[in-house]
Amino acid sequence: MSDTILVGAATIRAALELAVRAPSVHNTQPWRWRIRPGAVELHADRFRHLAATDPDRRDLQLSCGAALHHLRAAFAGTDVACDVDLLPDPENRFHLATVRPVAGAPEPALRRMAPWITRRRTDRRRMSRRPAPPELLDALVARAGTEGARLVPVVEPGKRAVLLAALAEAATLQRTHPGYAAELQRWTHRPTAAQDGVPAANVSAPPIGTSAALVQRQFGPAGLSRAPARPGHHPDVDDGAVFLVLLTVGDSTVERVRAGQATSAVLLTATGMGLATTPFSQAVEVHASRLRLRRDVLGVADQPQLVIRVGWPAAGAAPLPDVPRRPLSAVLVEPDTRRPRGA
Ligand SMILES: Cc1cc2nc3c(=O)[nH]c(=O)nc-3n(C[C@H](O)[C@H](O)[C@H](O)COP(=O)(O)O)c2cc1C
């Protein structure tokens, strides 16, 4: 461990402002932060857990992991290196990480990602028919690897077809799952003041007359226009986008937080390359589809954590609107002023 350094309050707040730009399931922003002398703590916000959509809490833990990686990148962008302890308190499983600014130079790759935080968006539209070149996909795979996760591009046509079938199956099964529709309704119809949830302006509707099975999560109100599907072509997948599956060896909370950090690293790196990205989590939320991913698509014992779609934006695609985030005042926990036990 390196020596902890004290960083000014303004630097910490600026880094947290960027950390909360992290992607999260349904834009629930399921995190709480506590600033302590020499450290920032990340806590999962159990009241923002989607119990019906995400019964395993995988999405919640991945979302927090993504925010943790965003914080590391944001600190690196101001030349601050960090040490991170995952699950530092055995008596509190919601305390996911403690980040300590330390002496020394931050990782150059992390520092490069900082400016991409405000440029990244979840892009659910049809992408270009021109696929991302293999060397860029290799770079994304390497980035996931440095965060302790495995990213596998599913490019072989037969495997891709099985993956798409698993995505469509998950979307169909989940629609009738008790509580799923209510959660979707709640998180797509948020009052403006809530500054969370998925706005219609970032969701595109399937083209009228579509009969193909839909592989994307259907969010309801859709205000985002996209190019019409060509007759006879699939509305969501008949473009050059590549689907990649993010895996970890085990499925503990620590591994899911690592997978979340890898997600952030992959999405930010792709953004820096000019690529568009969409996280897809339905196939890991539904047990039967998750099993199909492991067994029939990948043939591995590893644990699928997320599917990520990557491609060039379609020619002439308009910039996507910013998705709201809650202000820091809503996610900061007051410093713990209780006296230590026995004092
Ligand atoms: C763990 C996780 C799961 C997600 N699952 C999906 C999904 O299944 N479908 C989708 O369109 N977006 C999904 N997203 C993207 C979020 O909806 C998105 O991050 C959020 O609405 C904020 O928008 P932004 O990414 O553009 O900032 C997921 C994100 C995370 C981190």
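1. Two elements, α2 (58–77) and β7 (276–280), each give at least two residues to the shell around the ligand. The largest share, 4 residues, comes from α2. Helices (H or I, at least four residues) and strands (E, at least two) are DSSP runs, numbered from the N terminus. The model is predicted: local features need pLDDT of at least 70, side-chain atom pairs count only at pLDDT 80 or more, and totals for chains, interfaces and linings use all residues. Residue numbers start from 1 along each chain as its sequence is written.

2. Around the ligand there are 21 residues, and Pro-23, Asn-27, Thr-122, Ser-281 and Val-323 come nearest. A residue is near a molecule or strand if its C-beta atom, placed from the backbone, lies within 6 Å of it. The shell splits into 9 nonpolar, 8 polar and 4 charged residues. Here Ala, Val, Leu, Ile, Met, Phe, Trp, Tyr, Cys and Pro count as nonpolar, Asp, Glu, Lys and Arg as charged, and the others, Gly among them, as polar.

3. Where does the shell lie? Domain 1 (9–120) and domain 2 (134–311) both supply residues to the shell around the ligand, so it lies between them. The domain bounds come from an automatic or database domain assignment.

4. Now the sheet. The protein has 10 helices and 9 strands. An open sheet of 5 strands runs in the order β3-β4-β2-β1-β9, with mixed pairing. β3 (81–86) and β9 (332–333) are at the edges with a single partner strand each, so one side of each has no neighbour in the sheet. Two strands pair if DSSP finds at least two bridges between them. Strand β1 (residues 31–36) runs parallel to β9, and 2 bridges join them. Trp-33 stands opposite Leu-332 in β9.

5. Val-84 is found in strand β3. It counts as partly exposed because it has 17 C-beta neighbours inside 10 Å. The cut-offs are 20 or more other C-beta atoms within 10 Å of a residue's own for buried, 12 or fewer for exposed, and in between for partly exposed, with C-beta atoms placed from the backbone. Not counting residues up to four places away in sequence, Val-84 touches Leu-68, Arg-72, Ala-97 and Val-99. Contact means C-beta atoms, placed from the backbone, within 7 Å.

6. Finally, the whole protein. Buried residues make up 42% of its 343 residues. Among contacts between residues at least 6 apart in sequence, 78% join residues at least 24 apart. The C-alpha atoms fill a box of roughly 70 × 45 × 40 Å, taken along the principal axes.

Note on methods
Two residues are in contact if their C-beta atoms, placed from the backbone, lie within 7 Å.
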